[in-house]
Amino acid sequence: MKLQHPYHRLRLTFRHQSRCFATKYSGRVVVEDKNGRSFAVEVDAPTLQTDSRGYALPRRDLICKISQIVKSPPSPSTDPFLDLSDYLDTLTLTLTPSEASEILKSLKSPTLALKFFRFCPSQIPKFRHDCFTYNRILLILSKSFNPTRPDCVREIVDEMERIGVRGNISTVNLLIGIFGDGQGGDVKELIRCLDLVKKWDLKLNCYSYKCLLQAYIRLCNSDKALEVYQEMRRRGYRLDIFAYNMLLDALARDQKVDQAHKVFEDMKKWHCEPDEYTYTILIRMTGKLGKPGESLAFFQEMLSKDISPNLIAYNTMIEALAKGRMVDKSIFVFSKMVENSCRPNEFTYSIILNVLAAEGQLGRLDEVVEISKRYMNKSIYAYLVRTLSKLGHASEAHRLFCNMWSFHDRGDRDAYLSMLESLCNAKKVTEAIDLLNKMNEKGVKADTFMYNTVFSALGKSKQISHLHDLYEKMKQDGPSPDIFTCNILISSFGRAGEVEEALKIFEELENGNCTPDIVSYNSLINCLGKNGDIDEAHMKFIEMQEKGFNPDVVTYSTLIECFGKTEKVEMARRLFDEMLAAGCYPNIVTYNILLDCLERSGRTSEAVSLYAKLKEQGLTADSITYTILERLQSGSHRTSRVRRQNPITGWVVSPLR
């Protein structure tokens, strides 16, 4: 090395000595010019320090420099390993495996770490990975979620065997953990790990057995896990509480009841005290087997050992009792749960609700509410109301809702909506309207969806006066009607024969902020056609096409039925052909409508051909189809059948409605 001035040497020495982990170099001047301005220095190879076992201590300055090169390239497009090669070419020393291990440890990215691992033996002369660097890369890969991880690990193990690197027990433990976590591993891989133990002349320790046990459990192989446990017992190794619980849970899931009981007894014999999770596993196991008595015995044993059950333990116990239809004991355990300041959650109440409903004792829900009154907030009330409504118990839901109304100043929007839907489904529309009007008292503002729910119920029950009044109130006080509101109203007025009102709503829709959609047109066409104004219905059909709406199967089916009932069979057939030409495929309802129309008009051969087309399209005939076919076969047309007439249009009511 040549230095241009003597002070460079002093500065070099100071820089290296100022870094506490730097490698120290020694050298001597071999050439110097007469004026001393230029000289050459020969540097001796440093003597690397070793630890007590004789292993070379890593050079921290080298580790830091290489880590910096690999992790922080000058630009994203730069290959850091080319820079690393250039840097290593300037050194006369070879990187040691312990230093490579430290560099790997500093790399956060498993992909980058694997690249560096491959770089070392391929680009550094005389470098050879040892057991410790292999363990380091395996540890890094064990924390990776890359889907190619199992293949990378297999390649590394194959390489170790190929070049004759003997792993240690840590290597085996790492491999068991990797292949036993369910991410690409299987039982065969674990067997290979055990073969490596024999090949490398190793002995499994207690930790190895625990890793193997947990690996088999994660791979859902409780038989193998039990074999490992029995081998551990023979060798005098003991499991900790976590491993015992894992084994018990695996045996319980596979319904290996006798083995689970035996492991539980072993657990207590080996002075590993069960905890609340242990007992919860056993309670769940016996509860699923329909043995609530045994579940209760485990629960009482847990209490006798002064183990405080947590929420999961209480819920599991109540669920086991509920499965056995033991209502009294379910409520008793629930009361103890509250007494011990364990707050019930929605799942707790759902278990109680289901068993009360199954046993016809929903009247005892008041008792449950009273027991847990200190935990009863509007969210719990709302959940109970929603659940009761979904289960079809409208009266109980309404009674509980009234309690919520009395005890809480502010209401819950979901509970109010559930109660509205429940009342509407029970056809208690007067109560639904009353609730809609009183919501504001509890700080809940009735929204458009709520109004639409009530509008739909009123329309189905044809309570037109209430429908008028509520719609006027909505327009006056808010919220604003939306497209769904208008569609419901058009359909409702049409169902009740109020054609003028339906047309009025449609005009409001056209002149307002909302634009009619295909459902709006379908509802109006249905209203006009079913109430005798088939020409106006057909005009609306043409209008919707002119405005860019493509008629759907509902549109065509409605018009085909309307033309068929007014004995305009040719028009019905023409619409059907137009429907097919437009690429709108008829469904079974469409075919039934046209079949009925053809059969009533005595066009038997056309009806038979249409039925053949139905089968060609791959549709399945339903009961209505077969009824029409029976009439076709019997040849019983108009004169032999008496049909009820519609009081408004005079139409004969078809079997489709």
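Over which residues does pLDDT stay under 50, and how many contacts beyond four places in sequence does the model have for them?

1. The model is predicted. The stretch in question is residues 1–22, where pLDDT stays under 50 and for which the model has 28 contacts beyond four places in sequence. Residues 638–657 also have a pLDDT below 50, and 43 contacts beyond near neighbours in sequence are present in the model for this stretch. Where pLDDT is low, the predicted coordinates should not be read in detail.

2. Confidence elsewhere. The chain has a mean pLDDT of 85, with 88% of its residues at 70 or more. Helix α1 (residues 6–17) has the lowest confidence, with a mean of 39. The highest belongs to helix α16 (residues 311–323), at 96.

3. Overall make-up. There are 34 helices and three strands in the chain. The chain has 657 residues, of which 45% count as buried. Among contacts with a separation of 6 or more, 63% are between residues 24 or more positions apart.

4. Packing of α4 and α6. Helix α4 (residues 97–106) packs with helix α6 (residues 131–142) at an angle of about 10°, and their axes are 9 Å apart. Angles under 35 degrees count as roughly parallel, and α4 and α6 are therefore roughly parallel to each other. On the α4 side the residues that meet α6 are Pro97, Ala100, Ser101, Leu104 and Lys105. Their counterparts in α6 are Phe132, Thr133, Arg136, Ile137 and Ile140. By class, this contact of α4 with α6 has six nonpolar, two polar and two charged residues.

5. The buried side of α23. In helix α23 (residues 429–438), the buried residues are Val429, Ala432, Ile433, Leu435 and Leu436. They lie on the same side of α23, because the arc they cover around the axis is only 160°.

6. Phe493. This residue belongs to helix α26 (residues 483–495). Its relative accessible area is 1%, so Phe493 is buried. Leaving aside neighbours within four places in sequence, Phe493 is in contact with Ile464, Leu467, His468, Glu498, Glu501, Ala502 and Ile505. The C-alpha atoms of Phe493 and Gln463 are separated by 9.7 Å, and these two residues are 30 apart along the chain.

7. Gly478 and Pro479 are joined by a cis peptide bond, with omega about 0°. Pro479 is in the loop between α25 (464–477) and α26.

8. Asn173. Helix α8 (residues 169–179) contains Asn173. Is Asn173 buried or exposed? Asn173 is buried, because its relative accessible area of 10% falls under the 20% cut-off. Not counting residues up to four places away in sequence, Asn173 touches Asn205, Tyr207 and Ser208.

9. Positive phi at Asp201. Asp201 is not a glycine, yet has a positive phi of about 60°. This residue is in the loop between α9 (187–199) and α10 (206–218). With a relative accessible area of 64%, Asp201 is exposed.

10. Positive phi at Glu567. Glu567, a residue other than glycine, has a positive phi near 65°. Glu567 is found in the loop between α30 (553–565) and α31 (569–581). Its relative accessibility is 62%, so Glu567 counts as exposed.

Technical notes:
Residues numbered from 1 in each chain as written. Predicted model: local features only at pLDDT ≥ 70, side-chain atom pairs only at ≥ 80, totals over all residues. Heavy atoms only, no water. Buried < 20%, exposed > 50% of the residue type's maximum accessible area, 1.4 Å probe, protein only. Helix = DSSP H or I, 4+ residues; strand = E, 2+ residues; numbered from the N terminus. Arc of directions from axis to C-beta. Contact = heavy atoms within 4.5 Å. pLDDT = per-residue confidence, 0-100. Axes fitted to C-alpha atoms, helices over the stretch in contact; angles between N-to-C directions. Parallel < 35°, antiparallel > 145°, perpendicular 65-115°, else oblique. Nonpolar A, V, L, I, M, F, W, Y, C, P; charged D, E, K, R; others polar.
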